[in-house]
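Open the model in your viewer and keep the selection tool at hand. This tour goes stop by stop.

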Amino acid sequence: MTLPAEETFGFQAEAAQILDLMANSLYSDKEIFLRELISNASDAIDRFRIERFTHPESAGTEPEDEPRIRVAFDKDARTITIADDGIGMSRDEVIGNIGTIARSGTAEFLRARSGDARGDTALIGQFGVGFYSAFIVADRVTLTTRRAGLPAAEGVRWSSEGKGEYTLEAVERAERGTTIVLHLREGEDELLNEHRLRSVIKRYSDHIGRPILLGGDDTPVNQATALWARPKSELTDKDYDDFYRQLTNDFSGPLAHVHAKVEGRYEYTLLLYVPSQAPYDLWLPQSLQGVRLHVQRVFILEDADRLMPRYLRFVRGVVDSADLPLNVSREILQGGQAMDHIRSSAVKKVLRLLKDMAEGEPEKYATFWTEFGATLKEGIPDDPAHRDDIARLLRFTSTERTGVSLADYASRMKDGQDKIYYLLAPGLSDAASSPHLEAFRAKDIEVLLLDDAVDNFVVTALPHFEGKRLQSVAQGPPDFGDMEDTADKDAAEQDDAGCADLVGRLKEHLDGRAFDVRVTTRLTTSPACIVADEADTEFALVQRMRGSGLPNQPILEINPRHPLIERLNAGQDDPRLADWAHVLFDQAVLTCGARIEEPAAFVTRLNTLLVSLTSDTPGR
Ligand code: ADP
Ligand code: MG
């Protein structure tokens, strides 16, 4: 058979930039190249298993012995070799995965890197550019691979000096998997040493779940045992942290972990971690790293949605079941009782871990909240079964302080206060200066300020917390419950009566714009504000529905004590009352952070009024 000759390809610009970085600036932890290549080998073995499991037809029929990762070195040739019997790559996959870099992580890495070599090497694994770390120590890398399921003639050899280009050629390769040969740079000979390589593997790859063999030795260098299967009493914090790092490539380390062996109807072990920082892809639709499922120590699949609900998608770790059959199919996983049981107990364990953290280590919890609070909030609408537990974990900013839990709020409620008040606003600064808060400020009542997009769904799904109603300060008539005394009520009634005519006229002028006009006790300094009808959906949701930021049925409330309103009330025959009505309405629209429908008309009216006022008072 004649194989096509070698072909040369150019790296994409970003890849060339990464390669240059590897070769020239990331030297401080140069041994990490081995960690990255071993991690890829281990991933490839896992992916082979997954493929076996999900697409047995394309995985091929090659026998699967206990998969291994082999590291070898050759002093004379000055090479280090890393070989695996994982899934391998087809020619297209080689081009797609390591030839070009059209991978999202590359650009992210270039953006995230600090220029500090130590910090940057820690980022390599996270952003999916690990393979290129081979060029930290090598000036030529040859990768030979053949994908599982393809014939031996479809092997591929990729070779590059890590500059602008690489070559590809077709080769015969009997075994599936990948072999990478690093031709070391001048001066790297100290790596060609068994003791040295052994210690690097121990240090960075001890908890990789596959045996790593060095040279001709058949005893694995690493523990190659499932760390989670060992008793807690044998494990130190460092063991847990190391395992986390190897599992996730997140070198910032975990914030907390829970490790439990559960026995009963179903038997399983779980080791779950809460990371200390959000990954860059937390909000991308398919950020699917999540929790790995093993059955009797054998890796089955990595799937965030199956083992953790979306709102806990930041949780990383391992679940190892003793019950599921090894050839368990996806369908069984989707509907099986064992899976449901494991999932629900895993959720409980994580919520419990967070609760303990919130109570015992509030500062740590504040870090958690900054990184993952918005994600956790999704659980309020999404997970009714655990709503109360999640509600206790929520933290808000209020008119008084930050990091307020609903329980804190409840403990500070005024005598006679029976509701938890909140204000939804597009941003914290809009919220803090909103006229809706005026009366609450005057009465010294704390209000939660909700500015997160998801908060709207949170308050809709959480009408009560421990028997106390959550009440928007911008919806329905102001209601201070028992906090209002009779003097307040009498004054309000008088105001209503005194302004009845004015209210009627404003209503006429604002027909089609304001659903209703009424006198309010809500305001102390502003002349007017917009509130939502009680039956209406809340502002933020409507904002998305209507685009203007106004409720569907906006109600204009006026402050009878404001000089402007007093003046309008005194001179209702003013021919400019229509202009005043619209200007009041538009002002109120602006102060709730919404958009005026016809800004030019507003400006024209305002200017007409200003001109008439200046001519009323000549000389000013
Ligand atoms: P990451 O591992 O984060 O995806 P890398 O730069 O380390 O990023 O590897 C890039 C890609 O190259 C991998 O996602 C994988 O598709 C492919 N790859 C690298 N090494 C191997 C290997 N030993 N076997 C099969 N595929 C590999
Ligand atoms: Mg990798």
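Helices here are DSSP runs of at least four residues, numbered from the N terminus. The model is predicted.

**Stop one: Arg-343.** Select residues 337-360 to show helix H12, where Arg-343 is found. Arg-343 and Pro-309 are 34 residues apart in sequence. In space, their C-alpha atoms are 8.4 Å apart.

**Stop two: helix H8.** Select residues 194-205. Helix H8 has twelve residues. From first C-alpha to last, H8 reaches 16 Å, close to the 16 Å expected at 1.5 Å a residue. Colour its buried residues: Leu-197, Val-200, Ile-201, Tyr-204 and Ser-205. Look down the axis of H8: these buried residues fall within an arc of 100°, so they line one face of the helix. Turn to the face away from the buried side, and find the exposed residues His-195 and Arg-203. What covers the buried residues of H8? The cover includes helices H2 (32-54) and H9 (237-248), along with strands E2 (69-74), E3 (79-84) and E8 (212-214).

**Stop three: a helix pair.** Select H21 (residues 500-509) and H24 (residues 577-591). Their axes are 9 Å apart and pack at an angle of about 80°. H21 and H24 are therefore roughly perpendicular to each other. Show the side chains in contact: Leu-502, Arg-505, Leu-506 and His-509 come from H21, while H24 gives Leu-577, Ala-578, Ala-581 and His-582.

How values were computed: Residues numbered from 1 in each chain as written. Chains lettered and ligands numbered in written order. Predicted model: local features only at pLDDT ≥ 70, side-chain atom pairs only at ≥ 80, totals over all residues. Heavy atoms only, no water. Helix = DSSP H or I, 4+ residues; strand = E, 2+ residues; numbered from the N terminus. Axes fitted to C-alpha atoms, helices over the stretch in contact; angles between N-to-C directions. Parallel < 35°, antiparallel > 145°, perpendicular 65-115°, else oblique. Contact = heavy atoms within 4.5 Å. Expected span 1.5 Å × (residues − 1). Buried < 20%, exposed > 50% of the residue type's maximum accessible area, 1.4 Å probe, protein only. Arc of directions from axis to C-beta.
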